[in-house]
Structure formats: C-alpha cells, structure tokens
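Subject: Structure handover and notes

Dear colleague,

Please find the structure below.

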Amino acid sequence: GRCEWRGEVSEYAEHLEECEYEPVACPNAGCAKLLLKSEVDGHARGTCAHRLSRCAHCAKPFKGAGLEKHEARCPDALLSCPNGGCGVTVARGSLVAHRELCGMEEVGCPCPGCEE
C-alpha cells in the first residue's frame, strides 16, 4: 500500500508526524534498515539482528539471537536439582557443587569388586 493523504501544504508537517508510510531508520545501533513507520517498532523489538535484549536471569545485554544462546547456558538461570526427592532449585552455575553435597545424589561404592 501507499499513503492516500491529500491536503494543504500547511497541514503537511502534521501529516508526516502521523503518516504510517513515512520511511524511518531502525533505531537500533548498527542497523541501517529503512522501514515504514508502521513497521519499525515490530522490526526494532522483534526481528532486528541488532536489537538489544537483556537476559531474564542475569540482566546482561545481548544483540539479536545471542540472547537465546546465552540463556540456554546462563550460570544465573535457576534449575531444579535432577535428583528425585531433592526439590532444591539452584543457579545453573552452582548445580555441580549442589550435587556434590545433595543427599539424594546416587553414588556407587568405591570398593573394587563391590556390586552394590
């Protein structure tokens, strides 16, 4: 589509303030894309590879898809202990230390020949 507005020169500046068809630059640093005013918000917050988003767990900023990769391994993300019956929630970065002390962690007998 295209803008169908017609009016007087004295109204032109006011129209441009509202016109959804005005080309505008993406506000994200590093993105040089020109979009229609009606599209820029969805692009800048959603699909732009240069958008900055903060990790929900540690609040560090990341660009674009980098956030998904980070959140999958963020040391501050809370995880449930995988040992049945434990029920403790711990930060990913502390899970190994928790499991070393967890009373529900299964361990084998260190004695040679023991089958228990």
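The notes start with the basis of the model and then go through the salt bridges, a charged patch and the histidines.

This is a predicted model, in which local features need pLDDT of at least 70 and side-chain atom pairs count only at pLDDT 80 or more, while totals for chains, interfaces and linings use all residues. Residues are numbered from 1 along each chain as its sequence is written, and side-chain values use heavy atoms, with hydrogens and water left out.

Salt bridges

The whole structure contains 3 salt bridges (a side-chain nitrogen of Lys or Arg within 4 Å of a carboxyl oxygen of Asp or Glu). In one of them K37 pairs with E22, with the closest N and O atoms 3.1 Å apart. K37 is in helix α2 (residues 37-47) and E22 in the loop between α1 and β1 (23-25), so this pair ties together parts that are 15 residues apart in sequence. Helices (H or I, at least four residues) and strands (E, at least two) are DSSP runs, numbered from the N terminus. K37 is partly exposed at 21% relative accessible area, and E22 is partly exposed at 26%. For these classes, buried means under 20% relative accessible area, exposed over 50%, and partly exposed in between (1.4 Å probe, protein chains only).

D41 and R45 form another salt bridge, at 2.8 Å between the closest N and O atoms. Both residues lie in helix α2, 4 residues apart, about one turn of the helix. D41 is partly exposed at 45%, whereas R45 is exposed at 66%.

R99 and E105 also meet in a salt bridge, 2.9 Å from N to O. R99 is partly exposed at 31%, as is E105 at 24%.

Negative patch

E8, E11, E14, E17 and E18 gather in a patch of negative charge on the surface. Such a patch is made of residues with over 30% relative accessible area and no salt bridge, like charges being joined within 9 Å. E14 is in helix α1 (residues 9-18) and counts as exposed at 55% relative accessibility.

Histidines

H15 is also found in helix α1, but H15 is buried, with a relative accessible area of 14%. Residues up to four places away in sequence aside, H15 touches C3 and W5 (contact means heavy atoms within 4.5 Å).

H70 lies in helix α3 (residues 66-71) and is buried at 10%. Beyond its neighbours within four places in sequence, H70 is in contact with C55, C58 and F62.

Regards

Technical notes: Patches are made of residues with over 30% relative accessible area and no salt bridge: like charges are joined within 9 Å, nonpolar side chains (Val, Leu, Ile, Met, Phe, Trp, Tyr) within 5 Å. Accessible areas come from the Shrake-Rupley method with a 1.4 Å probe; for residues, only the protein chains shown count as cover. Lys and Arg count as positive and Asp and Glu as negative; His and the chain ends are not counted. The place of a charge is taken as NZ of Lys, CZ of Arg, CG of Asp or CD of Glu.
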